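The following report walks through a single protein chain, moving from one local feature to its wider surroundings. Please keep the sequence and the structure in view while reading.

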Amino acid sequence: MRRIRSLTAGYRSLIGVKKTGMRGVFCPQPWEYFTIDSSGNVYACKCGSLWSNKRIGNLLTQEPLEIWNSKSAQAIRKSILDSSYRFCKASCPKLQYKQFSSSQNHNTASPQDVIANKLPVVNEGPRFLNLGYDMSCNLYCRSCRKEKVFLEGEGLAQAAAVQNKILDEEFLKGVAVMQAGLCGEPLASSLNTKLFRDVDLSRFSRLRVRLVTNGLFFTPSMWQSFQKNHACLKSIYVSVDAATAKTYTLLRRGGDFNTVMENLSFISRLRRNNCLEDFSIGFVVQKENYREMRDFILLGERLSCDTINFTHLQDYGTYARQEYNDAAVHRTLHPENRRLREYLTDPLFGGPAVKITQALLRGEQ
């Protein structure tokens with residue numbers, strides 16, 4: 001438990017700042033997201049405590065529907081409606097780059113009158129459910145953690161209690177997307193694999209499951225074991241971070257490049273056979289791998305990926321300050337940042353499947 005809490009503390013180390021220029025813009029996330037962390041805390045935000053400094057409840061002591069319209073949840077929604085955004089952290093990219101819809105033209109699954117009448121209570125449950133209560137992972141990538149984490153004992157029992165809570169029928173009936181892999185590897189989690197193997201989630205006709213995975217355990221036999229939920233398990237996102245075995249071994253510590261390539265080919269076949277609705281791959285850009293970005297796009301095209309995602313490196317409490325500064329090539333003060341800028345002018349990066357975070361395109365101080 002100590003290791004897990006230290007990782008969570010890394011997320012919480014980012015502080016909020018005074019928000020300006022937010023009048024007339026609208027973030028729908030507090031009306032849509034229910035994100036659970038490794039301590040059972042719940043956040044009404046896509047990335048939990050990484051982007052928000054206020055939780056809305058805890059599943060170890062409360063029921064999910066009780067949390068959803070708690071006083072804390074209502075306070076966060078009011079902070080969006082009054083344009084203060086006082087519970088949002090500076091680390092939120094939508095906040096940094098003002099990537100919001102207008103309050104008159106918002107994109108939210110919640111009832112229209114909730115926002116039109118400025119009501120902080122939501123009659124429907126959340127649309128997005130992010131399962132981050134199990135941080136187990138077979139890798140220990142430098143950008144994420146310092147050692148492998150596998151839940152056991154008290155930590156496993158606590159996470160199991162949280163998982164049982166979210167299986168509430170009334171709560172799940174409105175969920176459109178359940179995402180596993182927010183803070184760990186879902187296929188290395190005994191709880192997540194049991195969930196997708198044994199619990200019939202397909203009875204919720206609206207529900208779609210999205211796995212964020214490193215791909216190393218996504219074998220034909222694993223897929224077959226989830227047969228009960230093939231009807232709703234429709235989106236796979238694989239984090240790879242490299243296009244060569246040498247770089248993969250350096251950055252994806254504990255992984256095997258040949259294994260992940262074989263499993264990516266299998267997932268690609270599932271997508272081509274329409275067993276999946278979305279297949280995407282991801283690449284966290286850093287000094288050691290940015291020269292492989294073009295090759296990664298070509299890999300994604302060969303695999304017929306729906307999206308090929310490039311994100312900037314963030315510090316989750318695993319780096320010494322100088323170590324992070326040396327790896328974070330997207331920062332404008334980095335000695336290789338200009339080379340990255342030139343690299344990104346290649347027309348290949350303008351392809352329809354390629355998605356690049358604003359921090360990479362614009363740079364950060």
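## The E2–E3 hairpin

Strands E2 and E3 form a hairpin with 4 residues between them, and in its turn Gly40 has a positive phi of about 85 degrees. Helices (H or I, at least four residues) and strands (E, at least two) are DSSP runs, numbered from the N terminus. E2 (residues 33-36) and E3 (residues 41-43) pair in the antiparallel sense over 2 bridges, where pairing requires that DSSP finds at least two bridges between the two strands; Thr35 has Tyr43 of E3 as its bridge partner.

E2 also pairs with strand E6 (residues 128-131), in the parallel sense and over 4 bridges, and here Ile36 stands opposite Leu131 of E6. In a regular strand the side chains alternate between the two faces of the sheet. In E2, Tyr33 and Thr35 point one way, Phe34 and Ile36 point the other way, and all are buried, that is, under 20% relative accessible area, with exposed meaning over 50% and partly exposed lying in between (1.4 Å probe, protein chains only).

## Basis and confidence of the model

This is a predicted model, in which local features need pLDDT of at least 70 and side-chain atom pairs count only at pLDDT 80 or more, while totals for chains, interfaces and linings use all residues. Residues are numbered from 1 along each chain as its sequence is written, and side-chain values use heavy atoms, with hydrogens and water left out.

The mean pLDDT (the predictor's confidence in each residue, from 0 to 100) is 89 for the protein, and 88% of its residues reach 70 or more. Over residues 1-18 the pLDDT stays under 50, and for this stretch the model has 41 contacts beyond four places in sequence, a contact being heavy atoms within 4.5 Å. Residues 102-111 also have a pLDDT below 50, with 26 contacts in the model beyond near neighbours in sequence.

## Overall organisation

The protein has 15 helices and 12 strands, and 54% of its 365 residues count as buried. Among contacts in the protein with a separation of 6 or more, 72% are between residues 24 or more positions apart.

Strand E9 (residues 233-239) is mostly covered, with 7 of its 7 residues buried. It runs parallel to strand E8 (residues 208-213), to which 5 bridges join it, and within this pairing Val212 has Tyr237 of E9 as its bridge partner.

## The nonpolar cores

A nonpolar core is taken here as a set of buried Ala, Val, Leu, Ile, Met, Phe, Trp, Tyr and Cys residues joined through side-chain atoms within 4.5 Å. The largest such core has 92 residues, of which Ile36, Leu129, Met178, Met293 and Phe310 touch the most other members. Helix H11 (residues 257-272) gives the most to this core, with 7 residues. Apart from it lies another core, of 5 residues, including Tyr319, Tyr324, Ala327 and Ala328.

Not counting residues up to four places away in sequence, Leu129 touches Phe34, Ile36, Ile166, Phe171, Leu172, Val175, Val177, Met178 and Gln179.

## Helix H6

The 14 residues of helix H6 (residues 153-166) should span 20 Å at 1.5 Å a residue, and its end C-alpha atoms are 21 Å apart, which agrees; the expected span is 1.5 Å times one less than the number of residues. The buried residues of H6 are Gly155, Gln158, Ala159, Val162, Gln163, Lys165 and Ile166. Seen down the axis of H6, these fall within an arc of 155 degrees, so they line one face of the helix, the arc being that of the directions from the helix axis to the C-beta atoms.

The face turned away from this buried side carries the exposed residues Gly153, Glu154 and Asn164. Among the elements that cover the buried residues of H6 are E2, E6, helix H7 (169-172) and strand E7 (177-180).

Most residues other than glycine have a negative phi, and most peptide bonds are trans. Ser83 has a positive phi of about 65 degrees although it is not a glycine; Ser83 is found in the loop between H3 and helix H4 (93-96), and is buried, with a relative accessible area of 11%.

Asn274, which is not a glycine either, has a positive phi of about 65 degrees. Asn274 has its place in the loop between H11 and strand E10 (278-285) and is exposed, with a relative accessible area of 60%.
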